[in-house]
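Welcome to this structure! Here are a few notes to read alongside the sequence and the model.

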Amino acid sequence: MTVAYDGTDVVQDAAITLRPGDVTALVGPNGSGKSTLLRTLARLQHARTGTLSLDTGDSDPTHGLALTAREFARRVALLTQGRPTPSGLTARDIVEFGRYPYRGRWGRADPDGPAAVRHALALTDVEDLADRGAEHLSGGQLQRVWLASCLAQDTGVLLRDEPTTYLDLRCQVELLDLIRDLADDHRIAVGVVLHDLDQAAAVADRVALLHAGRIVADGTPAEVLTADRLSDVYGIRVDVDTDPLTGRLRTRAVGRHHARSERLSTTS
């Protein structure tokens with residue numbers, strides 16, 4: 001896909017595949033095109049060139065751009081960053097929003113809706129919050145409720161844009177664990193934009209690294225998140241090693257003060 005704003009290409013020749021049971025993380029500097037690519041996959045942004053295919057198990061993949069909005073929403077769910085806190089609504093009301101593709105015109109009955117909502121509330125562990133007003137939920141609780149809304153949408157593809165922003169450490173870890181569960185236990189294809197490279201390494205099966213609108217590397221975290229490549233893309237020295245406790249890849253950006261401390265410790 002190539003995506004343009006005001007005649008200027010901001011994503012160029014980007015090819016990406018989201019597979020059932022896999023978490024794919026889109027990483028890269030600010031302005032590299034991560035969120036634009038994610039929104040284009042969700043058909044919220046028009047691609048100047050390119051195709052979007054959905055493999056539904058038939059002999060020929062479905063052309064995603066040919067589906068109606070309602071048909072597409074039954075296959076792909078997107079949770080953007082910065083969702084508002086709706087006042088006057090309960091958590092259950094928000095989760096029920098996810099059933100809109102199944103209600104049809106004039107609020108037609110959705111016989112599978114109540115069960116889908118209950119399942120989504122249970123899966124995200126917010127059943128006890130179902131009747132609480134949204135304005136009384138913490139940031140982490142609200143993120144879980146919005147995620148439950150996407151799960152109630154009952155799609156095979158889930159797209160998430162910076163889900164850990166503004167959350168404390170515990171909420172970040174719990175949310176990433178839940179994303180991992182959705183892929184492992186429910187075979188959902190997850191595409192997620194992350195700024196934290198260590199989080200990407202921990203949760204993702206594959207990582208797509210974007211720079212200046214292009215995917216410059218796509219593969220496993222170990223293949224993509226190398227010190228030389230990250231230092232080049234981010235324009236700052238980035239060290240990469242392996243956490244001795246978890247065995248996971250670990251990154252560290254080295255600023256001027258860190259470098260100065262290293263020089264001092266070397267000469268002392």
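1. The axes of helix α5 (residues 113–123) and α6 come within 8 Å and cross at roughly 140 degrees. That makes α5 oblique to α6, because angles under 35 degrees count as roughly parallel, over 145 as roughly antiparallel, 65 to 115 as roughly perpendicular and the rest as oblique. Axes here are lines fitted to C-alpha atoms, for helices over the stretch in contact, with angles running from 0 to 180 degrees between N-to-C directions. Helices (H or I, at least four residues) and strands (E, at least two) are DSSP runs, numbered from the N terminus.

2. A word on the source: this is a predicted model, where local features need pLDDT of at least 70 and side-chain atom pairs count only at pLDDT 80 or more, while totals for chains, interfaces and linings use all residues. Residues are numbered from 1 along each chain as its sequence is written, and side-chain values use heavy atoms, with hydrogens and water left out.

3. Which residues of α5 and α6 meet? On the α5 side they are Ala116, Val117, Ala120, Leu121 and Leu123, and on the α6 side Ala148, Leu151 and Ala152; contact means heavy atoms within 4.5 Å. This contact has eight nonpolar, no polar and no charged residues. In these classes, Ala, Val, Leu, Ile, Met, Phe, Trp, Tyr, Cys and Pro count as nonpolar, Asp, Glu, Lys and Arg as charged, and the others, Gly among them, as polar.

4. Now follow α6 to its contact with α7. The axes of α6 (residues 139–152) and α7 come within 10 Å, crossing at roughly 15 degrees, which makes α6 roughly parallel to α7. From α6, Gly140, Gln143, Arg144, Leu147 and Leu151 take part, and from α7, Cys171, Glu174, Leu175, Leu178 and Leu182. By class, the α6 and α7 contact residues are six nonpolar, two polar and two charged.

5. On to the pockets. The largest pocket has a volume of about 640 Å³. On a 1 Å grid over the protein atoms alone, a pocket is an open set of points where a 1.4 Å probe fits, with protein on both sides within 12 Å along at least five of seven lines; lining residues have an atom within 4 Å of a point. Grid points are joined across faces, edges and corners, and a volume is the space filled by probe spheres set on the points. Of the 24 lining residues, Leu18, Ser53, Leu54, Asp55 and Val157 are the closest to the centre of the largest pocket. Its lining has 15 nonpolar, six polar and three charged residues.

6. The second largest pocket holds about 400 Å³ of space. Among its 16 lining residues, Leu176, Asp198, Gln199, Ala202 and Arg248 lie nearest the centre. The largest share of this lining, six residues, comes from α7. Its classes are six nonpolar, three polar and seven charged.

7. Finally, look at two loop residues. Most residues other than glycine have a negative phi. Asp154, in the loop between α6 and β7, has a positive phi near 60 degrees. Glu162, in the loop between β7 and α7, has a positive phi near 50 degrees.
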